[in-house]
Amino acid sequence: MVRDIPEVNVLSYTWQGPRNDASVAKARTAIEAALTAKGLKSSGYRLLGYNSPMVSPKKQTHELQALLK
């Protein structure tokens, strides 16, 4: 499904490699540290992936975004 959503500012962490609990936790920890350092608050998170089925797991790109208030 494709739908328009309202514009929102985000703080993101992007990595290349597998998406698993450890990599998502590392991204969230880094984002939370950056939010604290910048005095920002998050209203939630979203996880994006930019991969075709032919991309090997070690070359896949993922992005965790903190939705800023």
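Q: Contact means heavy atoms within 4.5 Å. For contacts in the protein with a separation of 6 or more, what share comes from residues 24 or more positions apart?
A: In this predicted model, such residues account for 60% of those contacts.

Q: What makes β1 and β3 a strand pair?
A: Two strands pair if DSSP finds at least two bridges between them. Strand β1 (residues 10–16) is joined to β3 by seven bridges, so the two count as paired. They run antiparallel, and one of the bridges links Thr14 to Glu63 in β3.

Q: How do you know that β2 pairs with β3, and in which sense?
A: The same cut-off of at least two bridges applies. Seven bridges connect β2 (residues 42–49) with β3, so they pair, and the sense is antiparallel. Tyr45 has Ala66 as its bridge partner in β3.

Q: Why is strand β3 called mostly covered?
A: A residue is buried when its relative accessible area is under 20%. Seven of the eight residues in β3 (residues 61–68) are buried, so the strand is mostly covered. For the protein, 23% of the 69 residues count as buried.

Q: What makes the pattern of the protein β-α-β-β?
A: There are one helix and three strands, and reading along the sequence gives that order.

Q: How do you know where confidence is highest and where it is lowest?
A: pLDDT runs from 0 to 100. Helix α1 (residues 21–38) has the highest mean, at 98, and β2 the lowest, at 96. The protein has a mean pLDDT of 95, with 100% of its residues at 70 or more.

Note on methods:
Residues numbered from 1 in each chain as written. Predicted model: local features only at pLDDT ≥ 70, side-chain atom pairs only at ≥ 80, totals over all residues. Heavy atoms only, no water. Buried < 20%, exposed > 50% of the residue type's maximum accessible area, 1.4 Å probe, protein only. Helix = DSSP H or I, 4+ residues; strand = E, 2+ residues; numbered from the N terminus. pLDDT = per-residue confidence, 0-100.
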